[in-house]
Amino acid sequence: MTRVCVVGGGIAGYTAALAARRDGADVTVVARAPGATALYAGGMEIIDDLEEVLRSPHHPLARLGMGPVGLATELDTAISTLQLALSKEGLKFEGTWRSRGLYADIHGLARPANVVPDTVARGELGALSGKRVAVIGVPQVGDYDAATTAQALKQLHGIEAFAEEISIPELPTAASLTDLYGRRAPAPRARGAAIAYPPGFIALPEDGFELLASPPSPHGWRLQQAIALGVVTAEVTSLEAARGRVTAARAAGRTLHADAFVLATGRHIGGGLRAGRTTTEPLLGLGVFYDGTPAAALGVRLHHLKYLDPGEEMKLGVMTDKHLHPLLEDGSVPYVNLYAAGAVLGGYDYSGPCGFGVPILTGWLAGRFAAKQEG
Ligand SMILES: Cc1cc2nc3c(=O)[nH]c(=O)nc-3n(C[C@H](O)[C@H](O)[C@H](O)COP(=O)(O)OP(=O)(O)OC[C@H]3O[C@@H](n4cnc5c(N)ncnc54)[C@H](O)[C@@H]3O)c2cc1C
């Protein structure tokens with residue numbers, strides 16, 4: 001049986017582990033802490049325009065060299081397997097990568113998503129059109145204002161929304177949204193309306209739904225808790241290699257041997273990249289690229305671009321070949337049994353329409369490749 005070691009406990013590492021186990025591998029996942037996955041707003045953006053993605057030569061999905069039909073087939077299998085696995089952990093999701101809806105956040109601003117928790121799905125803005133919506137406020141909570149959210153839903157999306165304040169006396173003084181986490185949803189007085197709750201409540205009524213979150217996110221925390229089961233909590237401090245293969249990961253004084261490794265260490269929040277004068281990949285010194293060019297080679301030009309727009313930093317990352325082997329700066333593959341997945345990859349904007357799509361699909365394929373030691 002192939003032994004696969006996945007480094008990283010976010011959505012990319014979880015999907016890689018799912019895929020590798022499905023292909024018969026013995027999988028160990030090692031993760032230091034929650035990363036960006038625990039902060040997601042509550043709507044998974046998988047992909048918007050597949051054809052456009054394939055036209056961007058450095059996009060991690062285009063680099064797989066698979067073509068639209070192959071990618072679509074893998075996406076179908078990856079997303080449905082992920083949804084099934086999460087539902088077994090008690091988290092139900094709705095939607096597919098082919099469907100797309102708009103969902104309001106706690107400020108009433110709309111955000112697109114393809115796959116969402118079932119508690120968010122009922123709040124799709126198109127489906128709310130023509131309905132009255134009671135936006136629940138809690139007077140003790142200081143970092144959210146239901147009246148402002150209701151006003152935004154009205155003005156920006158033409159929804160007949162109104163605020164209803166419900167006191168929860170047992171909350172601490174100067175409570176925040178995080179204090180609502182895990183409490184039963186209070187029942188509103190308003191009848192016959194859909195009910196928008198700030199995220200975090202449980203046992204929502206049938207016509208209730210949750211708004212999307214800003215960090216810290218109850219949606220992200222629920223997801224992170226579901227995917228963390230069975231993960232070894234430790235920091236991988238180094239990877240040992242010999243003759244072009246990674247042989248072991250060193251973590252918390254232990255040496256974890258495996259036949260194949262998946263690097264799913266995330267970007268700056270996860271810790272897979274280290275920003276500095278030059279952004280680096282800390283575990284193996286892999287190449288970090290910007291638009292297909294090694295970042296180190298761009299020198300002051302990259303600093304200038306980042307000065308004009310700090311978002312440019314988010315385009316940086318590891319680059320892979322069609323089997324998701326990460327490359328060195330000179331474009332060579334240093335380790336034949338190492339695969340990279342998720343936000344550690346560059347070439348796309350992870351706050352954009354592939355926020356979860358790249359981690360899920362590259363995680364899925366990296367897990368499969370690792371189980372078969374493909375490439
Ligand atoms: C604030 C915020 C909101 C977002 N909202 C959305 C959204 O609503 N929709 C959307 O589609 N996308 C969203 N995104 C993007 C999305 O969250 C990320 O693309 C995705 O979660 C990345 O997953 P990942 O598994 O690659 O990385 P991460 O979730 O960051 O996981 C990286 C993992 O690697 C581990 N790790 C790193 N180094 C080591 C090491 N040496 N040893 C052991 N473990 C290590 C970390 O501890 C962590 O467990 C958001 C991102 C942010 C920051």
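This is a predicted model: local features need pLDDT of at least 70, side-chain atom pairs count only at pLDDT 80 or more; totals for chains, interfaces and linings use all residues.
Strand β9, residues 194–197, is covered on both faces. Strand β9 pairs with β7 (residues 132–137) in the parallel sense, over three bridges. Within this pairing, A196 of β9 stands opposite V135. Strand β10, residues 208–210, also runs parallel to β9 and is joined to it by three bridges. Here the bridge partner of I195 is G208 in β10.

The ligand is surrounded by 37 residues, of which the closest are G10, G35, G266, G342 and G355. Two or more residues of this shell come from each of α1 (11–22) and β2 (26–31). Helix α1 gives the largest share, three residues. By class, the shell around the ligand consists of 20 nonpolar, 14 polar and three charged residues.

Helix α3 (residues 67–88) and helix α10 (residues 357–372) have axes that come within 10 Å and cross at roughly 95 degrees. Because angles of 65 to 115 degrees count as roughly perpendicular, α3 is roughly perpendicular to α10. On the α3 side, the contact is made by E74, L75, A78, I79 and L82, which meet I360, L361, W364 and L365 of α10. Eight nonpolar residues and one charged residue form the contact of α3 with α10, with no polar residues.

Conventions:
Residues are numbered from 1 along each chain as its sequence is written. A residue is buried if 20 or more other C-beta atoms lie within 10 Å of its own, exposed if 12 or fewer, and partly exposed in between; C-beta atoms are placed from the backbone. Helices (H or I, at least four residues) and strands (E, at least two) are DSSP runs, numbered from the N terminus. Two strands pair if DSSP finds at least two bridges between them. A residue is near a molecule or strand if its C-beta atom, placed from the backbone, lies within 6 Å of it. Ala, Val, Leu, Ile, Met, Phe, Trp, Tyr, Cys and Pro count as nonpolar, Asp, Glu, Lys and Arg as charged, and the others, Gly among them, as polar. Axes are lines fitted to C-alpha atoms, for helices over the stretch in contact, and angles run from 0 to 180 degrees between N-to-C directions. Angles under 35 degrees count as roughly parallel, over 145 as roughly antiparallel, 65 to 115 as roughly perpendicular and the rest as oblique. Two residues are in contact if their C-beta atoms, placed from the backbone, lie within 7 Å.
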